[in-house]
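Subject: Handover of a structure and notes on its contents

Dear colleague,

Please find the structure below, together with its sequence.

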Amino acid sequence: MANENLNDVQVGDQLPGTTFGPISRTMLALYAGASGDHNPAHIDIDFAKKAGLPDVFAHGMLSFGGLAQLVTRWAGLGRLRSFGARFVSMTQVLDLISCSGTVTERFEAEGETRLRISLMAQAQDGRQTLLGEAVVAVG
Amino acid sequence: MSEADVATKPAGLFDRSTKGHALPTVSVEVERGQIRFFAKALGESDPIHRDIDAARAAGYPDLPALPSFFMAIEAMADEERALLGQPSLITLLRCDFRRLLHGDESYAYNGLVFAGDTLQFDTKIIDFYEKKGGLMEFVTIESTVIHAARGTLITATRTLLHRLG
């Protein structure tokens with residue numbers, strides 16, 4: 001369950017880390033169906049090989065969703081004000097993704113106190129896959 | 001472009017004449033099953049996304065969608081446009097799946113999306129640019145998800161890219 005409130009959170013605090021994966025072909029097939037992103041580069045190895053890739057690779061938005069869960073599990077769905085990320089490298093089949101976040105700013109906006117959180121998703125070999133930022137409301 | 005061309009570096013592939021183009025506004029309806037399936041695909045264990053009683057106990061009117069459910073809304077919008085005989089964003093941009101990646105995605109949330117919502121979806125192609133001496137080309141896209149009573153729920157700014165190298 002998410003925290004009741006985030007009043008005591010300080011700049012520099014870290015969010016409880018989460019992991020997802022290892023990325024399986026089943027996860028990619030389910031995500032393709034659920035998201036409506038049917039790009040065959042994620043689900044059809046024959047297509048991937050014809051495109052010169054060694055294998056299918058994970059939907060960027062699957063990791064994006066995993067990184068967002070780090071924030072919503074901690075802050076609660078209704079407190080999320082913004083979420084964004086840059087796709088730094090491709091996520092491969094069998095990658096185990098660790099998500100981490102650090103509070104970088106506490107500020108006032110639109111009549112409420114908010115926290116800015118710096119986010120990172122990283123594969124098991126240390127390779128960064130996503131770098132992001134979220135803003136959540138404290139109350 | 002034939003498959004043999006993949007190994008050689010093409011010039012830009014996006015149809016840059018679409019700069020400034022707004023896709024037709026469409027309306028989509030969110031079903032509970034879609035919210036559940038999306039949460040399952042992301043391995044989300046919180047029951048508010050699948051169990052209506054849990055959602056109501058948490059104070060929500062129906063199952064809330066995860067933040068990145070935007071993708072599914074866009075896919076539904078594409079289906080609606082197809083019914084109108086209109087091309088999808090991917091088709092309009094002439095995206096090549098063999099080279100296509102996401103660059104970055106940024107979402108502002110002003111309210112949650114719930115099962116049962118009817119949502120207005122708008123997308124505009126903002127601009128094209130290149131990086132790394134033309135080895136990568138980018139397109140910036142802006143979309144909004146609007147609910148008639150609750151206003152703009154999601155504003156999305158995204159880039160897609162082709163690897164041309």
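Conventions and confidence

This is a predicted model, in which local features need pLDDT of at least 70 and side-chain atom pairs count only at pLDDT 80 or more, while totals for chains, interfaces and linings use all residues. Residues are numbered from 1 along each chain as its sequence is written, and chains are lettered from A and ligands numbered from 1 in the order in which they are written.

The model scores ipTM 0.95 and pTM 0.92. Within chain B, confidence is lowest in helix 4 (residues 89-92), with a mean of 92, and highest in helix 1 (residues 32-41), at 98.

Chain B

Chain B contains four helices and five strands; these are DSSP runs numbered from the N terminus, with helices (H or I) of at least four residues and strands (E) of at least two. From the N terminus on, their order is β-α-α-α-α-β-β-β-β. Taken along the principal axes, the C-alpha atoms of chain B fill a box of roughly 55 × 30 × 25 Å.

Strand 1 (residues 26-29) of chain B pairs with strand 3 (residues 118-131) of chain B in the antiparallel sense over four bridges, where pairing requires that DSSP finds at least two bridges between the strands. Ser27(B) has Gln120(B) in strand 3 of chain B as its bridge partner. Strand 3 of chain B also runs antiparallel to strand 4 (residues 136-147) of chain B, and 12 bridges join them. Ile125(B) is there the bridge partner of Ile141(B) in strand 4 of chain B. These two strands, strand 3 and strand 4 of chain B, form a hairpin with four residues between them, and Lys132(B) in the turn has a positive phi of about 50°.

The contact between the chains

The contact takes 31 residues from chain B and 31 residues from chain A; two residues are in contact if their C-beta atoms, placed from the backbone, lie within 7 Å. On the side of chain B that touches chain A, helix 1, helix 3 (70-83) and strand 2 (100-109) of chain B each supply at least two residues. Strand 2 of chain B gives the most, with 10 residues. The residues on this side of chain B comprise 20 nonpolar, five polar and six charged. Here Ala, Val, Leu, Ile, Met, Phe, Trp, Tyr, Cys and Pro count as nonpolar, Asp, Glu, Lys and Arg as charged, and the others, Gly among them, as polar.

Strand 2 of chain B pairs with strand 2 (residues 80-87) of chain A in the antiparallel sense over five bridges. Ala85(A) stands opposite Glu105(B) in this strand of chain B.

Local features of chain A

A cis peptide bond, with omega of about 0°, joins Gly21(A) and Pro22(A). Pro22(A) lies in the loop between strand 1 (18-20) and helix 1 of chain A. Leu94(A), a residue other than glycine, has a positive phi near 80°. Leu94(A) belongs to the loop between strand 2 and strand 3 (97-109) of chain A.

With kind regards

Terms used:
pLDDT is the predictor's confidence in each residue, from 0 to 100.
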